[in-house]
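Subject: Structure handover

Hi,

Here is the structure I said I would pass on.

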Amino acid sequence: MSYQPRHPLKVCKHVWHALFMREAMARMSADRFGWSWILLEPILHLTVFIGVRQLMGRVKYIQGAEFIPWLIIGIISFMIFRDAMMRSMGAIRANSSLFAYRQVHPIDPVIVRAFLEFTIRSVVLTLIIVSLMFFGDYRGPDEPLLVIAMWILAWWLGLSFGLVVSVVATIAEEIEKIVKLLMFPLYMLSGAIFPLKALPYSLRDVLMYNPMVHVLELLRHAYFHGYYMLSGVSLLYPVQCALVASLLGLMLHVRFKSRLMSA
């Protein structure tokens, strides 16, 4: 009986499925909190920022939007970008033992980790929004399909930058520390937790180079029709950034594949 080689797409599917289950089990058994921390983290973020805003005596209202859904959208959307990027960064080194199997390539755990984050954060965001609609008397999104599209774009940006830093941080471990240090100021200056309209125009012009500013503004505008976006927001810019970073990441993975497999 002659041996029939499996189609490459079927091999890829089986590899990704196995890696996905492996990563999911690792996340579940990582510590005592396990999966519960995935839901608790954004809730704690929201509690802290709402509490601080209350202590400051600020009105809990954003022009054209309700404050709590506005804040939820910003925090969790940035989280999906951050987690897709940061967890992709360490994926190659964490799965280096699997490269002994010729079916597994360095790019596979990067993509699978990012997709796991997409799945987790999507479930969390859906649960929180549905809970607000039923128990908090808040409305749902005005344009659900556009909200989903911007949500996917936020994840794609995280994955695309994750493809780049996963190679660079594996070759030079010091880069990982630098990226982690930069993530907090990026979080604060992406408009995730406070409106950038309050900042001076000169600073706003600089922050517009951050593609996540555009994504968050577009996502909030899709959720609230009356929300006034920053001037200069563009859909094309974050898409171009994601495309360029994706192509650069793929080229780096091809160029340094042998070095990544021996890392």
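Some ground rules before the details. This is a predicted model, so local features need pLDDT of at least 70 and side-chain atom pairs count only at pLDDT 80 or more, while totals for chains, interfaces and linings use all residues. Residues are numbered from 1 along each chain as its sequence is written, and side-chain values use heavy atoms, with hydrogens and water left out.

Overall fold

The chain holds 11 helices and two strands; helices (H or I, at least four residues) and strands (E, at least two) are DSSP runs, numbered from the N terminus. In sequence order the pattern reads α-α-β-β-α-α-α-α-α-α-α-α-α. With a radius of gyration of 20 Å, close to the 18 Å from the globule rule for 263 residues, the chain is as compact as a globular protein of that length. (That radius is taken over C-alpha atoms, and the rule is 2.2 Å times the number of residues to the power 0.38.) The C-alpha trace spans about 70 × 40 × 35 Å along its principal axes.

For contacts (heavy atoms within 4.5 Å) between residues at least 6 apart in sequence, 77% join residues at least 24 apart. Buried residues account for 45% of the 263 in the chain; buried means under 20% relative accessible area, exposed over 50%, and partly exposed in between (1.4 Å probe, protein chains only). The accessible surface is about 14,400 Å², with 69% of that belonging to carbon and sulfur atoms. Those areas come from the Shrake-Rupley method with a 1.4 Å probe, and for residues only the protein chains shown count as cover.

Helix α1

Helix α1 has 21 residues and reaches 30 Å from first C-alpha to last, close to the 30 Å expected at 1.5 Å a residue. The expected span is 1.5 Å times one less than the number of residues. Its buried residues are Val-11, Val-15, Leu-19, Glu-23, Ala-24 and Arg-27.

Salt bridges

The whole structure gives seven salt bridges, each being a side-chain nitrogen of Lys or Arg within 4 Å of a carboxyl oxygen of Asp or Glu. Glu-23 pairs with Arg-87, with the closest N and O atoms 4.0 Å apart. Glu-23 sits in α1 (residues 8-28) and Arg-87 in α3 (residues 67-89), so this pair ties together parts that are 64 residues apart in sequence. Glu-23 is buried at 5% relative accessible area, whereas Arg-87 is partly exposed at 25%.

Arg-87 also meets Glu-117 in a salt bridge (3.0 Å, N to O). Because Glu-117 belongs to α5 (residues 107-135) and Arg-87 to α3, this pair links parts that are 30 residues apart in sequence. Glu-117 is buried, with a relative accessible area of 1%. Glu-23, Arg-87, Arg-113 and Glu-117 are linked in a network of salt bridges.

Another salt bridge joins the side chains of Arg-82 and Asp-83 (2.9 Å, N to O). Arg-82 counts as buried at 17%, and Asp-83 is buried at 10%.

Cheers
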